[in-house]
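Me: I would like to learn how to read the strands, helices and contacts of a model. Please take one feature at a time.

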Amino acid sequence: MSAIEIRDLSVYFGEGAEQMRAVKSANFTVAEGESFGLVGESGSGKSTVLRAIAGLVDSWTGEMSVLGTPLGRKRAPAFFKQVQMVFQDPYASLHPRHTVDRVLGEVLKLHGFSDIDARIDRLLDDVGLGKGFRFRYPHQLSGGQRQRVAIARALAPEPRIVLLDEPTSALDVSVQAEILNLLSDLRAERGLTYLMVSHDLGVIGHMCDRIAVMQHGEIVELLDVEKMRALQAEHAYTRHLLDSSIRSVREIS
Amino acid sequence: MSDTSLRAWLLADAPASRAQARAAAWYAGWLKLRGNTLAMAGLVVLVLLILAALLAPLLATQDPFVQDLGARLKPPGWEGHIFGTDSLGRDIWSRIVYGARISLYIVALVALVAPLLGLIIGTVAGYMGGIIDVALMRFTDIFLAFPRLILALAFVAALGAGIENAVLAISLTAWPPYARIARAETLTIRNSDFIHAIKLQGAGPLRIITRHVWPLCISSLVIRVTLDMAGIILTAAGLGFLGLGAQPPSPEWGAMVSEGRKYILDYWWVATIPGLAIFTISLAFNLLGDGLRDVLDPKEAGQ
């Protein structure tokens, strides 16, 4: 059974003459325990795919199924126990008036856990924050710390699949590496399935087993990370992406 | 706990309990408000007003209703009448002090009813969108079209003159602006990632509106209410002045100005003193409202 199966997914925005197809007939499958990357420039529709799976966008056609269960317009409560999401901007994804304790406590309560106090402490330990951060407000945290809280929130319901929407692009380079390592460790410990969106081929190469390359809302190529590292891409756009990524690395070093 | 350790506890970088985190957040707001001299001046005046209302029987030098026709229209300072006496020989100082109770009563009632109604309608309209939004906002427009004084007149005609009916009329015409503010705030909040995040935890609309949207709308409403208070006090005073609000012999400030109007050229203090009271309180609310905006504005918080 595959963790995520996407068949002929199209996502629309707007109505009538101004309607726009943000995603055009996307097909891909993510196996359980796999880490799958979606790569593309901004506006290529990669985040929209994640949002459609999460149920945040409901103007889509096609078929999606998660862990063998087909998805409809509305997500059942059981879905949120299996699939969670980490957002791109940690400055926007935490409620400015809620402490870390309240954020995690509310999530745990919504999922019907009873030993909430102990679980909050354990979650904070798991993401490397510790108890000292429990009663802080988001404005008392740095970007990296906020993203750790957001990861703890996503892990709170003990999901099997985590959708990662450019989880490090809003962070400093040094912090990026910490968060990526944390995500890798958590995946290894918990046997999670990741579906990760990024425009950064370095990040994807570090995190993922397989990638899908998107351009103008279409998936143009699916390939293994080994092939990507060996620069054996078939589609011209993928080669272009790899090329520019390598050049930017050379320019920096 | 000594002063310094209490301060350290409130400013702790890593609060150890929910209560401490909340107290620290309040304390940080208080420190910011304290830095604003004008807002503090407004706050001091309002605290004095509340104290005056609470301690009215102790502060008043006379019964505010006792008439003494032999000592009518005496100037301020005459035989222990700090602010003089009115046309029926009643002590103006005592009436001002008791009038503070009425003003506070009006303020409290309106501040409870109008913003709450506006908050509920505005956030529900903003969050749900679609047909519910259209229906609720057109309903709001209808109420916005009611002229305040005319509605008050209608209420008085239907239910009899009195302070409660005046308050009811003010409240029913005061909530639409709050609903619009709350809706505008909700529209900016509802597409933010933290709302998406809680949706992904399976939270329903009721929980999202009350726990996640309200806390962010309330600050702008509090600011608006504080700034509107001056207007509400003035409207209540205006209704009193027209004889539609508080009825004689109740020492409502607007009604007192109205009574003093007849003598304003010869006995200026009868109308001026309650007028100054209204002016001071309105100004104090405005100053405090401006200060609260600096403290509470969520767009500036945390930067």
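Reply: Start with pairing: two strands pair if DSSP finds at least two bridges between them. Helices (H or I, at least four residues) and strands (E, at least two) are DSSP runs, numbered from the N terminus. As a case, Val86(A) has Leu164(A) in β7(A) as its bridge partner. β6(A) and β7(A) run parallel and are joined by four bridges.

Me: What conventions apply to the model and its numbering?

Reply: This is a predicted model, in which local features need pLDDT of at least 70 and side-chain atom pairs count only at pLDDT 80 or more, while totals for chains, interfaces and linings use all residues. Residues are numbered from 1 along each chain as its sequence is written, and chains are lettered from A and ligands numbered from 1 in the order in which they are written.

Me: How many helices and strands does chain A have?

Reply: Chain A has nine helices and ten strands. For overall size, the radius of gyration is taken over C-alpha atoms, and the globule rule is 2.2 Å times the number of residues to the power 0.38. The radius of gyration of chain A is 18 Å, close to the 18 Å from the rule for 253 residues, so chain A is as compact as a globular protein of that length. Its C-alpha trace spans about 50 × 45 × 35 Å along the principal axes.

Me: In what order do the six strands of the open sheet in chain A lie?

Reply: The order is β6-β7-β8-β3-β9-β10 (chain A), with mixed pairing. β6 (83–86) and β10 (218–224) of chain A are at the edges with a single partner strand each, so one side of each has no neighbour in the sheet. From one strand to the next the twist averages 20°; for such angles, axes are lines fitted to C-alpha atoms, for helices over the stretch in contact, and angles run from 0 to 180 degrees between N-to-C directions. Inside the sheet, β3 (residues 35–39) and β8 (residues 193–198) of chain A pair in the parallel sense over five bridges. There Ser35(A) is opposite Tyr194(A) in β8(A).

Me: Which strands does helix α1 of chain A touch on the sheet?

Reply: Contact means that the C-beta atoms of two residues, placed from the backbone, lie within 7 Å. Helix α1 (residues 46–54) of chain A touches β3, β6, β7 (161–165), β8 and β9 (210–215) of chain A, and its direction makes about 145° with that of β7(A). Helix α5 (residues 143–155) of chain A also packs on the sheet, touching β6 and β7 of chain A, at about 175° to the direction of β6(A).

Me: Which strands make up the antiparallel open sheet of chain A?

Reply: Four strands form it in the order β2-β1-β4-β5 (chain A). β2 (20–31) and β5 (69–70) of chain A are the edge strands, each pairing on one side only. β1(A) is joined to β2(A) by eight bridges and to β4(A) by six. Tyr12(A) has Arg21(A) as its partner in β2(A), and Arg7(A) has Glu63(A) as its partner in β4(A). The β1(A)–β2(A) hairpin has six residues between the strands, and Gly14(A) takes a positive phi near 80° there. α1(A) lies across β1 (2–13), β2 and β4 of chain A, at about 110° to β1(A).

Me: How many residues of helix α3 of chain A are buried?

Reply: Eight of the eleven residues of α3 (residues 100–110) of chain A are buried, so the helix is largely enclosed by the rest of the structure. Among them are Asp101(A) and Glu106(A). The cover includes α4 (116–126) and α5 of chain A together with α2 of chain B.

Me: How many residues does each chain bring to the contact?

Reply: Chain B brings 23 residues and chain A brings 27.

Terms used:
A residue is buried if 20 or more other C-beta atoms lie within 10 Å of its own, exposed if 12 or fewer, and partly exposed in between; C-beta atoms are placed from the backbone.
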